[in-house]
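Please open the model in a viewer and keep the selection panel at hand.

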Amino acid sequence: MASLGQLVFDEYGKPIIILKDQGQQKRLTGADALKSHILAGRSVASILSTSLGPKGLDKLMVSPDGDVTVTNDGATILKMMDVEHQIAKLMVQLSQSQDDEIGDGTTGVVVLAGALLEKAEHLLDKGIHPVRIADGYELAAKKANENLEKIAEEFPVDLNNLEPLILTAMTTLGSKIINRCHRQMAEIAVNAVMAVADMSSRDVNFELIKVEGKVGGKLEDTMLVKGVVVDKDFSHPQMPKELKDVKLAILTCPFEPPKPKTKHKLEVSTVEEYNALYQYEQKQFTDMVDKVKAAGANLAICQWGFDDEANHLLLQKELPAVRWVGGPEIELIAIATNGRIVPRFEELSPEKLGKCGKVRELTFGTTKDRMLVIEECPNTKAVTIFIRGGNKMIVEEAKRSIHDALCVVRNLVRNNKIVYGGGAAEVSCALAVYEEADKISTLEQYAFRSFADALESIPLALAENSGLSPMHTLADCKARQVTEKNPALGIDCNNKGTCDMKEQHVIETLHSKKQQILLATQLVKMILKIDDIRTPGESFQG
């Protein structure tokens, strides 16, 4: 390892470390370093706080290639923002980890972390040591999670009554651009998860749910296909557009004559040799097609391409075929149709064929864009959500929104406890943490109160984004929660006339809320413990 500097002694024998390239390094220490971190964290959180809630605003990001993305999904916004500051990068990773683990609540977790940092600044100004603040925050987070467990309610996850799940999915989609066909999207998400859910082990395999999008049409045309949608068409325009009682040969070998594997060249010098080669190729093609037909297949799905000659032969022999179908799609088709993926024509046999009731070609608008739908499969575990939209941005945002809704329903299948949204859970936790702070005699009580204040930043942001008076609304909500002892009272963002989130059916999963509080607290604790930053940069005079 290269040495970072050298050790010298002054005339009194005191050791001094002389660091390399000190003149070229920027360095921040102590309170300055903490202030710089807090400022960075707050700026990231303030960008996202306007995207919170059903009335949250969207952000438009333009990538270096000129691609435009319009979204209010916290993780997507942060991923696409070009962030320089190290602490801001940590915030990006924070929202990403919430997205990977839970799938929902990515905006809220960053807003909470930003508020915790902001409150920590006031405590630092009072002279409280950052480690005491961090420890206090951790205890407060523990208390908040205990309170969440206390106010959580059991939620019925029943295949025969999907209504409660649909209402939860609607909460998730309420803040998205697709809330125009709010209920329809929620139903699609719930039906997709329930089609693939394994209720005995309480798990959902997301690889069985494919989300496809096609520009054109309107959001209302979005549908759930109990099967697989492939963005391909039949290889020859004269092949039939709809097949019934299909037996599929799923191939990963190309319809091509064998090529010499060695570096040898094949020289053709006479007409007879050329004709012999042509006859050989024809025979190979015919053999391949015959083997597929002999196995009983009436549709060939091929991972690779085939040339025009093979295509023409397939049409003559009345064997519809699809070429260039990608790896993940081939796997999904095999799962859905109970077929086997066959790597060589010689291995084809009737029991390896996949079966399905119907394969049809969809055409769209005047562009004649085509897609294949494989339906009525014996294994209904594989489903596809097919999204339509007016432009690419709406389709992409709808995909992200559907992903959030799928994640929430999946979380409920795994753990069916819920709390109420609209800031109700945060206000309840803030009140519990305040109460606990009064029982503490040590310095940590200040951190507890700051933690409670930070929790209130979520309902404040919700009220502000909904055009309400933030402080009045929050004060009213807190007072009512205390007097009525009802932890379901939150911010009435949609102006429904009631603050009771139980009546409004604004539901969030307990797992998501707990994770938000824990992740935000862990990150803030880590940031508060950094007191020295060195960055290679312009000359630093210190």
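Predicted model: local features only at pLDDT ≥ 70, side-chain atom pairs only at ≥ 80, totals over all residues.

Ser457 belongs to helix α14; helices here are DSSP runs of H or I with at least four residues, strands are runs of E with at least two, and both are numbered from the N terminus. With a relative accessibility of 16%, Ser457 counts as buried. Buried means under 20% relative accessible area, exposed over 50%, and partly exposed in between, using a 1.4 Å probe and protein chains only.

Side-chain atom pairs count only at pLDDT 80 or more, while totals for chains, interfaces and linings use all residues; side-chain values use heavy atoms, without hydrogens and water.

Next, display the largest pocket, whose volume is about 820 Å³. Select Pro54, Thr171, Thr172, Ser175 and Val506, the closest to its centre among the 43 lining residues. A pocket is an open set of points on a 1 Å grid over the protein atoms alone, where a 1.4 Å probe fits, with protein on both sides within 12 Å along at least five of seven lines; lining residues have an atom within 4 Å of a point. Points are joined across faces, edges and corners, and the volume is the space filled by probe spheres set on them.

Colour α6 (163–173), which gives the largest share of the lining, five residues. Other elements that give two or more residues include α4 (106–125), α14 (457–465) and α17 (510–528).

Stay with α17: 14 of its 19 residues are buried, so this helix is largely enclosed by the rest of the structure.

Now select Trp304 and Trp324, an edge-to-face aromatic pair with 6.5 Å between centres and 85° between planes. Rings of Phe, Tyr and Trp (its six-membered ring) pair if their centres lie within 6.5 Å; planes under 30 degrees apart count as stacked, over 60 as edge-to-face and the rest as tilted. Trp304 is partly exposed at 40% relative accessibility, whereas Trp324 is exposed at 51%.

Finally, select Lys142 in helix α5 (residues 130–151).

Definitions and conventions: Residues numbered from 1 in each chain as written.
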